[in-house]
Amino acid sequence: MRFLIDTGDGFRERVNEQELIKWGKSFGIGLEMTLTEAMEALENVGYKVGKLEEKEILGE
């Protein structure tokens, strides 16, 4: 599964599940984090996280 992280300042990054969790860990607490917790941690700092559709992934 692929996701798009939008930091709101013009930076956008396409990431996989593991990368999304790494991003979330940098803003969350604790060493173990689920995908949902990572998304919530990023959204709590104002980032937007969206799941990419297959057609968007193929267009990379």
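Biologist: What is the accessible surface of the chain, and what share of the surface belongs to carbon and sulfur atoms?
Modeller: Keep in mind that the model is predicted. The accessible surface comes to about 4400 Å². The share that belongs to carbon and sulfur atoms is 49%.

Biologist: What percentage of the residues count as buried?
Modeller: The chain has 60 residues. A residue is buried under 20% relative accessible area. By that cut-off, the buried share of the chain is 23%.

Biologist: Which pattern do the helices and strands follow along the sequence?
Modeller: The chain holds three helices and three strands. Read along the sequence, their pattern is β-β-α-α-β-α.

Biologist: What share of the contacts with a separation of 6 or more comes from residues 24 or more positions apart?
Modeller: Take the contacts in the chain with a separation of 6 or more. Residues 24 or more positions apart account for a share of 35%.

Biologist: How are the axes of H1 and H2 set to each other: parallel, antiparallel, perpendicular or oblique?
Modeller: Two packed helices are described by the angle between their axes and the distance between the axes. H1 spans residues 17–27 and H2 spans residues 35–44; their axes come within 8 Å and cross at roughly 50 degrees. Under 35 degrees would count as roughly parallel, and roughly perpendicular runs from 65 to 115. H1 and H2 are therefore oblique.

Biologist: Is the crossing of H1 and H2 left-handed or right-handed?
Modeller: The helices cross at roughly 50 degrees. The hand of the H1 and H2 crossing is left-handed.

Biologist: Which residues make the contact, and how many of them are nonpolar?
Modeller: H1 brings Glu-17, Leu-20, Ile-21, Trp-23, Gly-24 and Phe-27. H2 brings Leu-35, Ala-38, Met-39, Ala-41 and Leu-42.

Biologist: Is Ala-38 buried or exposed?
Modeller: Ala-38 lies in helix H2. Beyond its neighbours within four places in sequence, Ala-38 is in contact with Leu-20, Ile-21, Gly-24 and Met-33. Because its relative accessibility is 0%, Ala-38 counts as buried.

Biologist: Where is Thr-34, and what is its relative accessibility?
Modeller: Thr-34 sits in the loop between H1 and H2. Its C-alpha atom is 9.1 Å from that of Gly-24, 10 residues apart along the chain. Thr-34 counts as partly exposed, because its relative accessibility is 42%.

Biologist: Which residues does Glu-19 touch, not counting those up to four places away in sequence?
Modeller: Glu-19 is in helix H1. At 33% relative accessibility, Glu-19 counts as partly exposed. The C-alpha atoms of Glu-19 and Phe-3 are separated by 9.3 Å. The residues that Glu-19 touches are Arg-2 and Arg-14.

Key. Residues numbered from 1 in each chain as written. Predicted model: local features only at pLDDT ≥ 70, side-chain atom pairs only at ≥ 80, totals over all residues. Heavy atoms only, no water. Axes fitted to C-alpha atoms, helices over the stretch in contact; angles between N-to-C directions. Helix = DSSP H or I, 4+ residues; strand = E, 2+ residues; numbered from the N terminus. Parallel < 35°, antiparallel > 145°, perpendicular 65-115°, else oblique. Left-handed = near helix turned anticlockwise from the far one by under 90°. Contact = heavy atoms within 4.5 Å. Buried < 20%, exposed > 50% of the residue type's maximum accessible area, 1.4 Å probe, protein only. Areas by Shrake-Rupley, 256 points an atom, 1.4 Å probe, with all protein chains shown as cover.
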